[in-house]
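Hi,

Here is the structure I promised to pass on. Have a look at it first, and then read my notes below.

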Amino acid sequence: MAMASLLVTSWLYRFRRHAHTDGHGGVVIRPRSLYILPTRQGMLLALVLFLMLAGSINYGSNLAYLVTFLLGGIWLSAILHTWRNLLGLEIRPAQVLPVYAGQEARFCLAVTNPSSLRRFGISLRHKKLMGESADLPDEASCLLHLPIRTQHRGRLALPEVSLHTVYPFGLFHAWSYARLDTSCLVYPRPAESGDPPADSCYTSSDDGDRGVGADDFVGLRSYREGDSPRHIDWKALARERGLVSKQFGGDRTERVDLDWDLLPEVDTETRLSLLCRFILQAESQSISYGLRLPDLTIAPGMGERHKQRCLAALATFGE
Amino acid sequence: MRQTIEHTLTPKLQLHLYLLTGLVLVPHVQHLPLVVSFFLFTTLGLRLISLRLPNLQPGRLLLFLLTVAGVFLIYSQHQTLLGKDAGVSLISIMLVLKTLEVRRRRDLYVTIFIAYFVIVTQFLFDQSFLLLIYLLVLLIGHTSLLLDINRVTPAAHFYEPYRQTLWITLQALPIAIILFVMFPRLSHPLWHFGLDGGGTTGLSEQIRPGTISQLIQSSEVAFRVEFKGEPPPRETHYWRGLVLWDTDGTTWFTDPDKPIPILTSRITPTGEPVEYEIYLEPHRKTWLFALDLPAIAPTDSRISSDFLLRLNEPVTQPKQYEALSFTRHLSNGLSPTYRERALSLNNGITDRQRQLVEKWRSSSSSDSELVDQALRYFNTQPFVYTLNPPRYVDNPVEQFLFEDREGFCEHYATAFTQLMRLAGIPARIVIGYQGGEYNRLGDYYTIRQYDAHAWSEVWLEEEGWRRIDPTAAVAPERIHSAIQPNFGSIGAPALFMIDGQGFIGNGLSQLRMLLDTTGLQWRRWVLGYDREQQFSLMRGLGFDFLTAGYWGAVLVALIGLVLALVALQLLRQGRLKQDPVLAIYQRFCRRLAAIGYPRSVHEGPLDYSERISRERPDLASPVQSITTHYIGLRYSEGKKRNLGNFAKQVSRFRPRRVG
C-alpha cells in the first residue's frame, strides 16, 4: 500500500510544474506553474452558501438570493485574487550562513514583487515544513528564511521549495513549486571530546621575541584585518587613537599542526569531527593552527576567515 | 515584517468581531422572543467582558450548560426546533455561543460563516432597502476580518481591509446580478413547515367593531396599482379582499366549514374592462385584491364564486400580478344555499331594528327603493364618521344604531348588512381597500393600510350583487379623498387629506411621491422579481429560445466572462509602467547582445559602455554617445524629455560582428 502510494506520488511528481527560471539563478512564478485549490474553510463556505441558497429558494426571498449570490461572487473572485497574489513573484537565492551538522540550516530566499500590486501573506515552505511569511509592498523585496535541520556534513542543496498564499480570505490556497540552485555548507559536528595529538603539536618559533605568541605583551601596532578582537586595545580606541592591536610575544609561539595522519585510526567522519573540535579549540585559545588533509594543506593562521576556510575544507572533504 | 504565521487572534481583532456579531443580531430583536434576545446579548456581553478579564472566560462546563439552556429556551419558546422562527432563534444562539469559544483562526471562520447565515435570515422578515444596506456593510465588515487575518503585518488603519474587501465585493457584484437575474425561480417552496406565524398589519379574516379603525392607524403600504390605460374614476376603486357571510352578532366572518367554491357559472359582464397590475406587499393571507369582478386571474390563483382571487399559499414575499376586471356585471341567480346564508340573522336583533325596517318596507315598492331608504336614514340622522368610535361591548349594532351613532366604516357596514337581512334582502360584507393615493410621478396608486375599508353588497333580483357603501352616505369625502390618520380623542371627527396645501405641503407631497416611486421600482425589479418576470425579461433580451440545458450553459459562460474581465483587470493593475527611455535602451542592449556582447546583470550602463569600447574600439563612439544620452534622459527628473533624437540614434545603431 505504502509502496503503491509512493509510486503514484512519484508518477505524479513527473507532471509537477515548477516556477520558470529567469536565467540568472532565480525563478519567476508564471500562470502555468501556479496551483490553486480551495482550503478547508473555502469548502465550508461553499457548503454554507448551498444552505443559504436552499433557504432562499424555500422562502423565495429575493434579497436572500441577492446576498447569497453576492457571497458566491466573492467566493469566485477570491480565486482570482489569490492567484494574482502569487503571480509574477520572483524568487532568488540569497546568502546562506554555514552551520555545523545537526544544526538548522537557515536557507534564505529573496522574494521580489516586480509589480505595482501589493502582495500579502506570502509564505515559504518545504513540504510540511513552514518557513517565514511576509507582506510585500509594491516593487519591494524581502528575505524569507526556511530552516532545515541538517544531518551530515557537506553541501546541503536547497530541496524543492514552494511559495504559498491564502490571501485575501483564506478560502483558496495557491502555491508554486520552485527549484533553486543554492546550498548551505554544513561543517562536521565538533567532536565532544578528544585532545590534539601531543607530539609535534607545539613548535617553538625562531623569532619568538618578535613574532606572534600569547605569553608577553611586546607592544602595539596599527590594526590589520584578521587581528583577533580580543587583542584590540579598546582603551586606545576610547582615547580616539584609532584601532590599535596589542602585540604579544614570548619565548615560544604556540602553533599547532592539525594533521590528518596523526589522528587515531578511526573512520573519516570521526576524524573530521575531531579536527573540527581542534580548530574551534585552537581558535578560542588564540593558537595559530594549520591543517593538513590527505589532499589539501592549509598553512597555519588564525582568525575568523582562516577558521572558515579550514572548516569548509573539512565540510567538503572527499567531494 | 517577516514572521511565521500566527494562529492566535489579537484582542483587538476579537473585539471587532464581537461588535460586528452584535450589530448583525440587532435587527433580529424585533422577530425573536424577548427571552432569546436577552440570552443573546447577555452572552455577547459576557464575551466582551471576558476579553478584558480572561478569568471570566467560560470553561467547557459552563459552555455546555449554556448550550443546553439555549436549546431549552428555543424549545420552550417555539415548541419546535424547525421552521423559520425557531430556526432563526437557533442560528442566533449558535452564533453567540460560538463567539465564546473563539481561540484560533478556525473558530473565527466558523463564527463569520454563521454570521453570514444570520444576515441572510434577516430577509425572511424584512426586505427593506435600508436593511439591505445595513447588512451589506456588516457583510463587508465580517469579510474584511478574513482579509485582515491573512495578512502578516496588521493593517495600519482598520478601514484598509474594509476598502480592499469593498473593492473585491464590487468585482463580485456583476456575478451576483447575473445569478440573481438568471437563477431559475420556483413558484412553490421546496418544503413547508406551516409554522410561520403572521405579524404584519393588514386585513384579517374577520371583522368586529374596531378592527379596521385600528388598522388605519398604520401608513404601511398594502399594495400599489398601475392601471393600463385610463384609470376608472376614483370613487369606483373598491379593492375587494374578502367577503364575510356569517356573523354571531359581534364578529363577521366566513365559516371555514362552509368554504366558498370556485366560480363555475357564467357571469355577463357589462361595461368596459379595466386592466391593471398590482404590486402586493406580503400580507400572509391566501387572497389577492381585485376590482369588482375579476375576469382574468393570475396563473396561481382561482376566482371564487363570490368574485375573489384565492391562492393556495399565503403571500409571504412581495408579489406582483396582472388582472382584468369588469366594474359592472349581471349575475344570474343566487342558489338557495347562498340566499339562506345571506339572509341568516343572529340573536342580536331587537324590536327597534324590526320596527325601523318595517317602516322602510312599508314606504318602498321594491328592494332597490328600500336600500335607498336605508342610505337616506344614515345620511339624515345625526351619524358621525370617526376614527375613534366608542367601544361597543354587547350588541354593538343596536348600540351604534340607536345610542351613540358614532362609528367607522365597519360599524356602518355591519349595521347596514344586518338591517338588509332583516328586511329580507340577501346581503354580505366585503372588506378590502378603497381609494389610495395617486402618484403623479409614477402614474400609479399607492394603497396604504389606512385605506382599509368595509362595505356591503346586496342581492337585487334584477341586477345581482350591487355594491352599497353606507359610509359614503355619511361621509362622502371618505370615498373621494384619503383619510388623514389622526390620533385625536374619542369621537373626534375624521380629517381628510387634501393634496398640495401651500408651497411646503406641495413640496413634501412631491418628495413623498418620489420616494414612493423609487420604492415601487425597488419592489418591481428586486423584491417582486419572479418566474414570470424572469421569463418576460429573457424574452425581451432574445433569450427565449433557451431551454433548461442551454440556460445553465449561458449562465456559466456569462460568469466566466465576468471572471475573465476581472482577471484581466487584475493583471493590468499590477503591470508596471515602463519608462520609455529604458525600453529604447534595452533595444540598444539587445542589438549588442545579438553580436555577442550581452550586458551582465550586475553591469551598469557606464561599465557596459566601457567594456564594449575596450573590446570593440570601432563601436566606442556610438556606444558612448548613446550611453551618455541614455543616462542624461533617464536620471534627469522633471525636465521635459525629448525622446525623438535618442530613439533615432538607437535605430541607426546597427553593430556587426567582427570577422
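Let me start with a question: in β18(A), which residue is the bridge partner of A:Tyr289? That partner is A:Gly301.

Before going further, some housekeeping. This is a predicted model, in which local features need pLDDT of at least 70 and side-chain atom pairs count only at pLDDT 80 or more, while totals for chains, interfaces and linings use all residues. Residues are numbered from 1 along each chain as its sequence is written, and chains are lettered from A and ligands numbered from 1 in the order in which they are written.

Now, the sheet around that pair. The strand β17 (residues 288-293) of chain A runs antiparallel to β18(A), and four bridges join them. (Strands pair if DSSP finds at least two bridges between them; helices, H or I with at least four residues, and strands, E with at least two, are DSSP runs numbered from the N terminus.) Helix α6 (residues 304-315) of chain A packs on the sheet, where it touches β17 and β18 of chain A, and its direction makes about 160° with that of β18(A). For such angles, axes are lines fitted to C-alpha atoms, for helices over the stretch in contact, and the values run from 0 to 180 degrees between N-to-C directions. Contact means that the C-beta atoms of two residues, placed from the backbone, lie within 7 Å.

The whole sheet is an open one of three strands in chain A, in the order β16-β17-β18, with mixed pairing. β16 (255-259) and β18 (296-301) of chain A are at the edges with a single partner strand each, so one side of each has no neighbour in the sheet. On average, neighbouring strands here are turned by 10° against each other, direction ignored. Another helix, α5 (residues 268-284) of chain A, lies across β16 and β17 of chain A and runs at about 170° to β16(A).

As for chain A overall, there are six helices and 18 strands. Of its 319 residues, 37% count as buried (20 or more other C-beta atoms within 10 Å of a residue's own, again placed from the backbone).

Where do the chains meet? The contact takes 51 residues from chain A and 53 from chain B. On the chain B side, α7(B) gives the most, with ten residues. That side of chain B has 37 nonpolar, 13 polar and three charged residues. (Ala, Val, Leu, Ile, Met, Phe, Trp, Tyr, Cys and Pro count as nonpolar, Asp, Glu, Lys and Arg as charged, and the others, Gly among them, as polar.)

Chain B also has a helix pair to look at. The axes of α3 (residues 60-78) and α4 (residues 83-100) of chain B come within 10 Å and cross at roughly 165°. That makes α3(B) roughly antiparallel to α4(B), a label for angles over 145 degrees. Residues that meet include B:Leu63, B:Gly70 and B:Ile74 in α3(B), and B:Ala86, B:Ile93 and B:Leu97 in α4(B). The residues of this contact divide into eight nonpolar, five polar and one charged.

Last, find strand β14 (residues 427-434) of chain B. Eight of its eight residues are buried, so β14(B) is largely enclosed by the rest of the structure. Six bridges join it, antiparallel, to β3 (residues 238-244) of chain B, with B:Leu244 opposite B:Ile429. β14(B) also pairs in the antiparallel sense with β17 (residues 452-460) of chain B, over seven bridges, and there B:Ala427 stands opposite B:Val458.

Cheers

How values were computed: Angles under 35 degrees count as roughly parallel, over 145 as roughly antiparallel, 65 to 115 as roughly perpendicular and the rest as oblique. A residue is buried if 20 or more other C-beta atoms lie within 10 Å of its own, exposed if 12 or fewer, and partly exposed in between; C-beta atoms are placed from the backbone.
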